[in-house]
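Please keep the sequence and the model in view while reading.

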Amino acid sequence: MKGYKVFDPDWTCRGFRYEVGKTYEHKGELELCRSGFHFCKKAIDCFKYYEFNPNNKVAEVVALGRIIEVDGDTKCVTDKMKIERELSWHEVLDLVNTGHANTGFGNSGDYNGGSYNSGYSNSGNYNSGYDNSGNYNSGYNNSGDYNSGHSNSGNYNSGHSNSGNYNSGHSN
């Protein structure tokens, strides 16, 4: 089974050092979250367990032995794993984002930075729509946090063309 694994910058995981191209075998009991070689079937799931950091190493792996996976869990464990190849950070971004030219994590759309943005040209986190900056904005051309509507600046605005904080309606 093909999968993905994240390592510390020195190619270690839980104190064990790995090398690209090598195969590793675990002797003894095999148990998810306790013993064996762990990996995820989807690259994006790896970052539930490791920091989303371009200094970390990310590899494509192949489980060659017995595999244990639990329904509802995002990781698997095997007793025999080959570290196939290192992924470039560009490849990682392509795997964890959809769209084009996204940086960050879990973005869809194009040219988003930050995390969990959808739409286009958003920066910050959890934005939807277009050209938003800040966090939790929806709509278009918002800056600040928790805005909805269009062309808001400040925080907690809804409607259109609001500036300042806690406005609703139009052109406040």
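Does K48 count as buried or exposed? K48 counts as exposed, at 54% relative accessibility. Here, buried stands for under 20% relative accessible area, exposed for over 50%, and partly exposed for values in between, with a 1.4 Å probe and protein chains only.

## Basis of the model

The model is predicted: local features need pLDDT of at least 70, side-chain atom pairs count only at pLDDT 80 or more, and totals for chains, interfaces and linings use all residues. Residues are numbered from 1 along each chain as its sequence is written, and side-chain values use heavy atoms, with hydrogens and water left out.

## Salt bridges

Side chains of opposite charge can pair when their charged atoms come close. A salt bridge is counted when a side-chain nitrogen of Lys or Arg lies within 4 Å of a carboxyl oxygen of Asp or Glu. The structure contains 11 salt bridges. Among the residues involved, K2, E60, R85 and E91 are joined in a network of salt bridges.

K48 pairs with D45 in a salt bridge, and their closest N and O atoms are 3.4 Å apart. While K48 is exposed, D45 is buried, with a relative accessible area of 13%.

## Two further pairs

E31 and R34 also form a salt bridge, with 3.8 Å between the closest N and O atoms. E31 is partly exposed at a relative accessible area of 32%, whereas R34 is exposed at 66%.

Another salt bridge joins the side chains of K41 and E69, at 2.6 Å from N to O. K41 sits in the loop between β5 (37–40) and α1 (43–46), and E69 belongs to strand β7 (residues 67–69), so this pair ties together parts that are 28 residues apart in sequence. The helices (H or I, at least four residues) and strands (E, at least two) are DSSP runs, numbered from the N terminus. K41 is partly exposed, with a relative accessible area of 43%, and E69 is partly exposed at 40%.

## The loop residue A101

Where does A101 lie? A101 is found in the loop between α2 (89–96) and β10 (128–130). With 42% relative accessibility, A101 counts as partly exposed.

Leaving aside neighbours within four places in sequence, A101 is in contact (heavy atoms within 4.5 Å) with Y111 and N112. The C-alpha atoms of A101 and G113 are 8.9 Å apart, and these residues are separated by 12 residues along the chain.
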